[in-house]
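Here is a short report on the inside of one protein model. Take a look at the structure first.

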Amino acid sequence: MDPITLGIIVAIALIALMAIGTPIAFALGGVSLLALIYDRGLSELTYFGETFFDRIAEFGFVAIPMFILMGAAVASSPTGRDLYRSLDLWMGKLPGGLAVSNIGACSIFAALSGSSPATCAAIGKMGIPEMRMRGYPDGVAAGCIAAGGTLGILIPPSVTMIIYGISTETSIGRLFIAGVVPGFMLAGLFMIWTMIACKMAGGYNNPMAESVERLKQNVKQNVDTNLKALVRVLPFLGVVAGILFALYGGVATPSEAAGVGAFLCLALAILIYRMWQLGPIKLIMRDSLRESVMIMLVIATAEVFAYALSSMFITQTVAAAIADLEVNRWALMGVINLFLLVAGFFLPPVAVIVMTAPILLPIILAANFDPYWFAVILTINLEIGLITPPVGLNLFIIKGIAPDISLRDILMGSLPYALCMVLGILLLCLFPGIALWLPNLIMG
């Protein structure tokens, strides 16, 4: 059987398993195992085990559970509430100010947690009920949180950027800093659309009018409350700034920085919010362990899947076919973007990166594209997948937070933000310096 036909059969089998609800890791592992046995016989079982464990034994992957623990400590504490309260007051005078402040809170919380689902859940639990209570349409309330949550995989520190860096052997510090300007550019595009959507929906010029009036009546009390909330958030932002400085300055490796960051965030959550009871700490550890195991399983089985494809010469055949396309390099980039977009519809970001980044990187380099710029393009494509069906993880998180909002309203409210991301990709293609200027300035 020729490699292309075999690849199509493997892809159909993988999609079929995921369609019936098989977890990603088990679907990848099962298809890989069957394909290897078919192609090489039962002797390949030995290599299956070796490949599985060798991949996750890399020291660099220690950073992943540490950053997840750091994010869980932030997400499980009232940090998101304090951040939300502060931005709620200061951005309330904008059109659709409450929705805009939610996106601002998502942007900052993304930097604290490094996780899209955590960002979406933490800010959504407070923001959606508050927006609906003040008359915002369900689509606007749900859409701005679902989209804002996607920033968690782009604004550093980002777990997906770590995985890309390890998979492609590129600098994680440089990847982090490459995501800063594009991340806040997307947040700005989201805010602009939110203000337009609120105007179209009937105004909401100053949904904070009640809070502003209270502020006029009792200035000191309101300012003190919000300043205290902001002061409680600042130490966490300081930890993130310290981690980025350590990475960019070469002071520490990603694993070392992640370990220190996780310890400090956990200690700050306990000290600032007096989380002395064993219950909240156990909850943080449980959530961190659960997400870490899921991601590591996906990484290990995706590596086995990549090994199976390579053993059957599927990877080499597809890469050669793409490389042999006699088209303009931007047409090639368009094909790659379409491929990533479709992959993001069905697979979580971690799986897509581990499976595709090592294959696509040589093609990207041959076409004279920058690998750090491409990392940002890839990540934004995967962000779109988080708010589009059939998987759309953030859509289902919003549905869990507000079960009385229909999935159709959540989807329709999110789609304009997906178009904002497409616009962001186009801007990055026209002006690559958006992603490359800051890394070049800081790291040369």
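## The nonpolar core

This is a predicted model. Its largest nonpolar core has 145 residues. Three residues have the most contacts inside that core: Ile-64, Trp-373 and Phe-374.

What does Ile-64 touch, leaving out residues up to four places away in sequence? The partners are Val-159, Ile-162, Ile-163, Ile-295, Met-296 and Ile-299.

## The cavity

Rolling a probe the size of a water molecule over the atoms shows where empty space is left. In this structure there is 1 cavity of 30 Å³ or more. The largest cavity has a volume of about 40 Å³.

Its lining is made of Phe-67, Met-70, Gly-71, Leu-112, Ser-113, Gly-114, Pro-157 and Val-159. Of these lining residues, 5 are nonpolar and 3 are polar. Two helices, α4 (63-75) and α6 (97-113), each supply at least two residues. Helix α4 gives the most, with 3 residues.

## A buried threonine

Thr-379 sits in helix α19, which spans residues 371-386. Is Thr-379 buried or exposed? The relative accessible area of Thr-379 is 3%, so this residue is buried; the cut-off for buried is under 20%.

Thr-379 touches Ile-153, Leu-154 and Met-161, not counting residues up to four places away in sequence.

## Aromatic pairs

A pair of aromatic rings is described by the distance of the centres and the angle of the planes. The whole structure contains 5 aromatic pairs. One of them joins Phe-190 and Tyr-417. This pair is edge-to-face, at 5.4 Å centre to centre with 85° between the planes. Phe-190 lies in helix α11 (residues 180-200), and Tyr-417 lies in helix α21 (residues 407-430), so the pair ties together parts that are 227 residues apart in sequence. Both Phe-190 and Tyr-417 are buried.

Why does the pair of Phe-369 and Trp-373 count as stacked? The planes of Phe-369 and Trp-373 are at 15° and the ring centres 5.3 Å apart, so the pair is stacked; planes under 30 degrees apart count as stacked. Phe-369 is buried, with a relative accessible area of 7%. Trp-373 is also buried, at 2%. Together with Trp-330, Phe-369 and Trp-373 form one aromatic cluster. Trp-373 is also one of the residues with the most contacts inside the largest nonpolar core.

Methods. Residues numbered from 1 in each chain as written. Predicted model: local features only at pLDDT ≥ 70, side-chain atom pairs only at ≥ 80, totals over all residues. Heavy atoms only, no water. Core = buried A, V, L, I, M, F, W, Y, C linked by side-chain atoms within 4.5 Å. Buried < 20%, exposed > 50% of the residue type's maximum accessible area, 1.4 Å probe, protein only. Contact = heavy atoms within 4.5 Å. 1 Å grid on protein atoms, 1.4 Å probe; cavity = no way out; pocket = protein on both sides within 12 Å on 5 of 7 lines; lining within 4 Å. Points joined across faces, edges and corners; volume = space filled by probe spheres on them. Helix = DSSP H or I, 4+ residues; strand = E, 2+ residues; numbered from the N terminus. Nonpolar A, V, L, I, M, F, W, Y, C, P; charged D, E, K, R; others polar. Phe/Tyr/Trp six-rings, centres within 6.5 Å; stacked < 30°, edge-to-face > 60°.
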